[in-house]
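Me: I'm new to this one and would like to learn how to read it. Could you walk me through it step by step?

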Amino acid sequence: MILADTDILSALGKIDRLSVLFAVLRTTRLQIAPGVFHEVTQSLTLRRPYAEAVLALVSTGQIKVLALTDREAALRDTLPTTLGTGERESIAIAKERGGAVLSNESRVAHYCRHSQVPCVRLPEILRALWVEEVVTKQEVEHMIRELQAKDHMQFKPATLAAILAG
């Protein structure tokens with residue numbers, strides 16, 4: 001089970017590359033927590049184009065919105081409120097169901113490690129895209145430029161070197 005956080009979906013949605021997630025993760029379906037779904041629907045209300053692409057994948061079943069169990073809701077409520085609701089729900093679901101979280105937030109990665117939940121961040125996804133030959137290294141470089149321009153994403157030189165090394 002792979003739970004996607006809003007930041008990953010919005011970043012790849014803004015550059016029209018949501019499809020690469022399914023290819024690199026070798027899955028036909030991703031899951032999202034109710035809080036992530038709520039964040040995406042709020043983005044639609046704010047007319048953010050990426051939200052339409054994400055919600056289209058929800059409507060086709062490629063992204064499934066999961067309901068929290070009582071146990072997951074209780075675990076969510078023990079996580080720091082410095083994390084967003086969708087982030088806390090994603091960690092709780094992944095912990096209880098043996099899943100992984102896709103997030104580009106360092107604090108989410110920190111709490112995933114603390115909770116012993118696998119977390120995959122965007123630089124790891126970008127590297128895997130070309131290493132696993134889903135796209136070329138040049139396409140990943142183009143995606144990075146698009147993320148910088150369209151999502152105002154900043155990459156540290158060491159992070160860029162790690163993505164593109166080899």
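**Reading helix packing, burial and backbone angles**

Reply: Let's start with a helix pair: helix 3 and helix 4 (residues 49-60) pack with their axes 8 Å apart, at an angle of about 130 degrees. Keep in mind that this is a predicted model.

Me: Which residues of helix 3 and helix 4 meet?

Reply: From helix 3 come F37, E39, V40, T41, S43 and L44, and from helix 4 come Y50, A51, E52, V54, L55 and V58. Sorted by class, this contact has 8 nonpolar, 2 polar and 2 charged residues.

Me: Let's zoom in on V40. Is V40 buried or exposed?

Reply: V40, a residue of helix 3, has 0% relative accessibility, so V40 counts as buried. Leaving aside neighbours within four places in sequence, V40 is in contact with T6, Y50, A51, V54 and L55. Take L55: the two residues are 15 apart along the chain, and the C-alpha atoms of V40 and L55 are separated by 7.6 Å.

Me: Now another pair. How do helix 3 and helix 6 cross?

Reply: The axes of helix 3 (residues 34-45) and helix 6 (residues 85-97) come within 7 Å and cross at roughly 150 degrees. That makes helix 3 roughly antiparallel to helix 6. Here too the crossing is left-handed, with helix 3 passing helix 6. Helix 3 brings P34, G35, V36 and E39 to the contact, and helix 6 brings T85, G86, E89 and S90. By class, the contact of helix 3 with helix 6 has 2 nonpolar, 4 polar and 2 charged residues.

Me: What does S90 touch?

Reply: S90 lies in helix 6 and counts as buried, at 1% relative accessibility. Not counting residues up to four places away in sequence, S90 touches L3, A4, A33, V36 and V101.

Me: L3 is in that list. Where is L3?

Reply: L3 belongs to strand 1 (residues 2-4), and L3 is buried, with a relative accessible area of 0%. Beyond the residues up to four places away in sequence, L3 touches Q31, I32, A33, L66, S90, I93, A94, A100, V101 and L102. S103 is 100 residues from L3 along the chain, and the C-alpha atoms of L3 and S103 are separated by 8.8 Å.

Me: How many residues are in the largest nonpolar core?

Reply: That core has 50 residues, and those with the most contacts inside it are L9, L12, L126 and L129. Take L9: apart from neighbours within four places in sequence, L9 is in contact with A4, L18, L21, I32, V36, Y50, V54 and I63. Helix 1 (residues 6-14) is mostly covered, with 8 of its 9 residues buried.

Me: Last topic: which residues other than glycine have a positive phi, R26 being one?

Reply: R26 has phi near 50 degrees and is found in the loop between helix 2 (19-24) and strand 2 (30-32). R26 is exposed, with a relative accessible area of 64%. Q116 also has a positive phi, about 60 degrees, although it is not a glycine. Q116 is in the loop between helix 7 (106-114) and strand 5 (119-120), and Q116 is exposed, at 69% relative accessible area. D16, which follows helix 1, has a positive phi near 55 degrees.

How values were computed: Residues numbered from 1 in each chain as written. Predicted model: local features only at pLDDT ≥ 70, side-chain atom pairs only at ≥ 80, totals over all residues. Heavy atoms only, no water. Axes fitted to C-alpha atoms, helices over the stretch in contact; angles between N-to-C directions. Helix = DSSP H or I, 4+ residues; strand = E, 2+ residues; numbered from the N terminus. Parallel < 35°, antiparallel > 145°, perpendicular 65-115°, else oblique. Left-handed = near helix turned anticlockwise from the far one by under 90°. Contact = heavy atoms within 4.5 Å. Nonpolar A, V, L, I, M, F, W, Y, C, P; charged D, E, K, R; others polar. Buried < 20%, exposed > 50% of the residue type's maximum accessible area, 1.4 Å probe, protein only. Core = buried A, V, L, I, M, F, W, Y, C linked by side-chain atoms within 4.5 Å.
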